[in-house]
Amino acid sequence: MKGEPAVIASLFVAILGGIVFAVAYAVRAPIGAQGFGVFLAAAGLCAAFGIWGLALLAPEERVEQRKSFAQGRHLELPVLGRPLLVRLLASAIGLLGIAALFPIRSLGPAPGDTLFKTKWRRGLRVVREDGRPIKRGDLNVDSIITAFPDGSVGDAASQIVLVRLPPGTQMLAPGKSEWAPEGYAGFSKVCTHAGCPVALYRAAEHQLMCPCHQSLFDVTSGAQVISGPADRALPQLPLHFDDDR
């Protein structure tokens with residue numbers, strides 16, 4: 001096949017690129033070295049397919065002399081049946097695919113049902129980031145604190161923003177009238193837009209704000225969305241005080 005040496009060379013470059021990327025990623029080399037490996041692999045494959053395609057498309061009509069075939073025999077295309085090219089192509093694509101598994105693995109374990117469930121259960125205490133329970137009177141009016149369920153401090157999906165509102169400022173939905181005792185209201189700290197932590201509080205307006213894309217939530221009406229890309233209210237956690245706390 002015309003151009004066969006160039007195709008073989010390109011496939012070797014692709015294989016070399018996959019090896020460079022795999023080694024660079026394994027030894028935690030700079031991102032530039034990893035990118036160079038990906039570039040070599042992609043460039044080699046593109047060049048191989050391009051040269052191979054051009055070789056299949058002859059610029060002019062050609063007639064090749066062939067021996068006559070015995071009756072019952074079939075003509076086989078030598079280009080597609082070359083074992084060396086096929087093996088090299090399979091090796092290049094396979095190695096590049098294996099190399100791609102490394103960054104996929106770095107994404108961490110599968111989330112499972114953590115996207116739909118939290119660690120909160122009825123009766124669990126609300127605690128600070130250091131594990132100390134939050135008691136009545138610990139929070140000043142119009143102030144907030146990040147809190148977790150007891151025993152699950154640090155769980156990102158379960159963190160809440162605990163805010164204490166002034167008396168008479170809450171407009172709780174039907175069925176939630178007892179969810180915010182003495183002005184204490186707890187809302188998920190995970191923004192309903194892109195999952196960023198809702199960490200800012202505008203006390204004068206009683207609004208929580210996501211710093212990533214500036215979604216605003218009105219805590220006096222159950223953290224309903226006021227503005228921004230978020231389209232759902234922050235989930236509210238029903239709270240109650242123990243008799244002695």
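**Exercise 1. Decide whether Val161 is buried or exposed in this predicted model.**

Solution. Start by finding the residue: Val161 lies in strand β3. Next, take its relative accessibility, which is 2%. Buried means under 20% relative accessible area, so Val161 counts as buried.

Now look at what surrounds this valine. Setting aside neighbours within four places in sequence, Val161 touches Ile144, Ile145, Ala185, Gly186, Phe187, Lys189, Val198 and Leu208.

**Exercise 2. Work out which residue in β3 is the bridge partner of Thr146, and place the strands in their sheet.**

Solution. Begin with the pair of strands. Strand β2 covers residues 143–149 and strand β3 covers residues 160–164. The two run antiparallel and are joined by five bridges. In β3, Thr146 has Val161 as its bridge partner, the buried valine of the previous exercise.

Then widen the view. The open sheet has five strands in the order β1-β2-β3-β4-β9, and the pairing is antiparallel. At the edges stand β1 (126–127) and β9 (236–237); each has a single partner strand, so one side of each is left without a neighbour in the sheet.

**Exercise 3. Find which cysteines the disulfide joins, and describe the bond.**

Solution. First, the count: the structure holds one disulfide. Its two ends are Cys196 and Cys212, with an S to S distance of 2.3 Å. That pair links distant parts of the chain, 16 residues apart. Cys196 sits in the loop between β4 (184–188) and β5 (200–202), and Cys212 in the loop between β6 (207–209) and β7 (216–218).

Second, the handedness. The torsion about the S-S bond of Cys196 and Cys212 is about -105 degrees, so this disulfide is left-handed.

Third, the surroundings. Cys196 is buried, at 15% relative accessible area, whereas Cys212 is partly exposed, at 36%.

Technical notes. Residues numbered from 1 in each chain as written. Predicted model: local features only at pLDDT ≥ 70, side-chain atom pairs only at ≥ 80, totals over all residues. Heavy atoms only, no water. Pairing = 2+ DSSP bridges. Helix = DSSP H or I, 4+ residues; strand = E, 2+ residues; numbered from the N terminus. Disulfide = S-S within 2.5 Å. Buried < 20%, exposed > 50% of the residue type's maximum accessible area, 1.4 Å probe, protein only. Contact = heavy atoms within 4.5 Å.
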